[in-house]
Amino acid sequence: VLDEKARKAGFLSVARLASLSDGMFGVAMTLLSTTLIPRVETLSGSAFTILRDISGALFVVGLSFTISGSYWIMQQRQLEMSPSLTPRQTLLHFVFLFLIVLLPISTAVLGRRGATQPVTLRYGAHLALISLLSLLLWLLVARPA
């Protein structure tokens, strides 16, 4: 059920965006683990040997999972503090979620190619864009009505 302001404005309600966000974060965070599949399929030996051989990629997946979880918590707090969403906030949240959905791709590249300078710079730029959007959303929440 849309809240009254959202229904009048014709935009997504805060609750609906929070639900959409839950689903998108859930998919993105699950897809992070699939970046390990190509590595594991080619390995053999004991479980300890396999874990040792994928430890770098596993670290990257764990790091990205932790980062994603932190952004999900922040976005949920932003949405809790928002009585309604403006068109600008809605657009920024969609761009933010799009960048979150792309996180498994940059994570896979980092996991496969290692922490070379170009790969690390791309991964860092991706995280910086997510952070910038999160900051803009916080500024819009904190702005007096």
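**Close-up views of a helical model**

Phenylalanine 96 is buried, with a relative accessible area of 2% (buried means under 20% relative accessible area, with a 1.4 Å probe and protein chains only). Please keep in mind that this is a predicted model, in which local features need pLDDT of at least 70, side-chain atom pairs count only at pLDDT 80 or more, and totals for chains, interfaces and linings use all residues. Residues are numbered from 1 along each chain as its sequence is written, and side-chain values use heavy atoms, with hydrogens and water left out.

**View 1. The aromatic cluster of Phe25, Tyr71 and Phe96.** Two aromatic pairs turn up in a search of the whole structure (rings of Phe, Tyr and Trp, the last by its six-membered ring, pair if their centres lie within 6.5 Å; planes under 30 degrees apart count as stacked, over 60 as edge-to-face and the rest as tilted). Phenylalanine 25 and phenylalanine 96 make a tilted pair, because their ring centres are 6.1 Å apart and their planes stand at 45 degrees. Phenylalanine 25 sits in helix H2 (residues 14–34) and phenylalanine 96 in helix H6, so this pair ties together parts that are 71 residues apart in sequence. Helices are DSSP runs of H or I with at least four residues, numbered from the N terminus. Phenylalanine 25 is buried too, at a relative accessible area of 1%. Tyrosine 71 and phenylalanine 96 form an edge-to-face pair, 6.1 Å centre to centre with 75 degrees between the planes. This pair links tyrosine 71 in helix H5 (residues 55–81) to phenylalanine 96 in helix H6, 25 residues apart. Tyrosine 71 counts as buried because its relative accessibility is 10%.

**View 2. Histidine 93 in helix H6 (residues 87–113).** With 2% relative accessibility, histidine 93 counts as buried. Leaving aside residues up to four places away in sequence, histidine 93 touches Leu17, Gln75, Gln78, Leu79, Leu85 and Leu137 (contact means heavy atoms within 4.5 Å).

**View 3. Helix H7, from its buried residues to its surface leucines.** The 26 residues of H7 reach 36 Å from first C-alpha to last, close to the 38 Å expected at 1.5 Å a residue (1.5 Å times one less than the number of residues). Among the buried residues of H7 are Tyr123, His126, Leu133 and Leu137, and what covers the buried residues of H7 includes H5 and H6. On the surface, Leu129, Leu132, Leu135, Leu136 and Leu139 form a nonpolar patch with about 440 Å² of accessible area together. Leucine 139 belongs to helix H7 (residues 117–142). Patches consist of residues with over 30% relative accessible area and no salt bridge, like charges being joined within 9 Å and nonpolar side chains (Val, Leu, Ile, Met, Phe, Trp, Tyr) within 5 Å; a salt bridge is a side-chain nitrogen of Lys or Arg within 4 Å of a carboxyl oxygen of Asp or Glu. Accessible areas come from the Shrake-Rupley method with a 1.4 Å probe, and for residues only the protein chains shown count as cover.

Conventions
Helices (H or I, at least four residues) and strands (E, at least two) are DSSP runs, numbered from the N terminus. Buried means under 20% relative accessible area, exposed over 50%, partly exposed in between (1.4 Å probe, protein chains only).
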